[in-house]
Amino acid sequence: MDKAELAIVLRTARSRLTPADVGLPGGHRRQVPGLRREEVAHSAGLSVDYIVRLEQGRGPKPSEQVLRALTRALRVSESDRDLIFRLAGVEPPQAGRIPLVIRPSVLRLLDRMADLPALVLSAKSDVLACNSLATALLGDFSGYPPGERNLLWQRFLGTGIDRLVTTQEAEAADAVDCVGCLRTAHAKYPDDPGLVRLLTELRTGSSRFDELWRAGRAGQLRSRAVTLAHPDLGTLELDCDVLLVPEADQAVVVYSTAPGTQSASALDLLRVTGLERFGVR
């Protein structure tokens, strides 16, 4: 690990980003170019102190998961990502691995979707990024450890998206599809270490997942109507559409409502309040 060189590369990568690049207001009190360390730390799900130590060349060796989160937050190119990995003494992602770096064009698309909740999923259902409206609607995935920011892990081993309202039959059918998606990813990326680790945790930790896995069914993400019980806004009826990014084998999941409905009004209110909690429910 080349701590000094890594520190330089991380500082310069942060200085190249503007608040507008990541959908943040610029403000009038910025005295230095680029993002603040606090903004990078929040986006990556890391502590500010950890970012400070890395940028000062005195941090511990980052794990692969930390490097992935950090390079996503800094929105670096693939070549710069590989450089950061190597300076940290970690082999960069290789061919045959599930792509976890979001294309800059997709990040720009996510930033432009300010009026709609949207998130980006990897081929194994990692939540790679989500806009602030998706966080306000679904909850804050950045609060989980990196290995748990995965819809399948949360569904079978965690709390899942606990705001989702569904019937027993619909939930069972959706679970089959979700496990089938992971089986499809495993057929395409059999040697991906992150996928192997996820499968091991799911099969050993959830008898239900293991039973569905052994059924040998394929699956795919599907656009559908969903019902969410928001803790402050009540019940929302939403359309959930899946937009595929074939070159990166990722999916942009977008939530919307029919105009003129109660759910549309609730979503309008959520755009104004964002992550703030309401005084009255």
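The following questions and answers walk through a predicted model of one protein, from its overall build to single residues.

Local features of this predicted model need pLDDT of at least 70 and side-chain atom pairs count only at pLDDT 80 or more, while totals for chains, interfaces and linings use all residues. Residues are numbered from 1 along each chain as its sequence is written, and side-chain values use heavy atoms, with hydrogens and water left out.

Trainee: How many helices and strands are there in the protein?

Mentor: Helices (H or I, at least four residues) and strands (E, at least two) are DSSP runs, numbered from the N terminus. Counted in that way, the protein has twelve helices and six strands.

Trainee: What radius of gyration does the protein have, against that of a compact globule with 281 residues?

Mentor: The radius of gyration is taken over C-alpha atoms, and the globule rule is 2.2 Å times the number of residues to the power 0.38. The C-alpha atoms fill a box of roughly 55 × 45 × 30 Å along the principal axes. For 281 residues a compact globule would have a radius near 19 Å, and the value for the protein agrees, because it is 19 Å.

Trainee: What share of the contacts with a separation of 6 or more joins residues 24 or more positions apart?

Mentor: Contact means heavy atoms within 4.5 Å. Among contacts in the protein with a separation of 6 or more, the share from residues 24 or more positions apart is 57%.

Trainee: What percentage of the residues in the protein is buried?

Mentor: Buried means under 20% relative accessible area, exposed over 50%, and partly exposed in between, with a 1.4 Å probe and protein chains only. By that cut-off, the buried part of the 281 residues is 44%.

Trainee: Which helices do the buried residues of H3 pack against?

Mentor: Helix H3 spans residues 48-55, and its buried residues are Tyr50, Ile51, Val52, Leu54 and Glu55. After H3 comes Gly57, with a positive phi near 70 degrees. The buried residues of H3 pack against helix H1 (3-16), helix H2 (37-44) and helix H4 (64-74).

Trainee: Which residue has a side chain joined to that of Arg37 by a polar contact?

Mentor: Arg37 is found in helix H2 and is partly exposed, with a relative accessible area of 25%. Not counting residues up to four places away in sequence, Arg37 touches Arg14, Val48, Ile51, Val52 and Glu55. A polar contact is a pair of N or O atoms within 3.5 Å; within protein, one must be able to donate a hydrogen and the other to accept it, and residues adjacent in sequence count only if both atoms are side-chain atoms. At 2.8 Å, the side-chain partner of Arg37 is Glu55.

Trainee: Is Arg81 buried or exposed?

Mentor: Arg81 has its place in helix H5, where it touches Thr71, Val76, Pro93 and Val101, leaving out residues up to four places away in sequence. Because its relative accessible area is 9%, Arg81 is buried.

Trainee: Is Ser79 buried or exposed?

Mentor: Ser79 also lies in helix H5, which covers residues 78-87. Ser79 and Pro92 are 13 residues apart in sequence and 9.7 Å apart in space, C-alpha to C-alpha. With a relative accessible area of 52%, Ser79 is exposed.

Trainee: What is the value of phi at Arg75?

Mentor: Arg75 is found in the loop between H4 and H5, and at 24% relative accessibility it counts as partly exposed. Most residues other than glycine have a negative phi. Arg75, a residue other than glycine, has a positive phi, near 55 degrees.

Trainee: How far apart in space are Arg97 and Lys188?

Mentor: Arg97 sits in the loop between H5 and helix H6 (104-112) and, leaving aside its neighbours within four places in sequence, is in contact with Glu64, Tyr189, Asp191, Asp192 and Pro193. Arg97 and Lys188 are 91 residues apart in sequence, and their C-alpha to C-alpha distance is 9.2 Å.

Trainee: Which side chain makes a polar contact with the side chain of Thr227?

Mentor: Thr227 lies in strand S4 (residues 224-230) and counts as buried at 17% relative accessibility. Leaving aside its neighbours within four places in sequence, Thr227 is in contact with Arg163, Leu164, Val165, Thr235, Leu236 and Glu237. The polar contact, at 2.8 Å, is with the side chain of Glu237.
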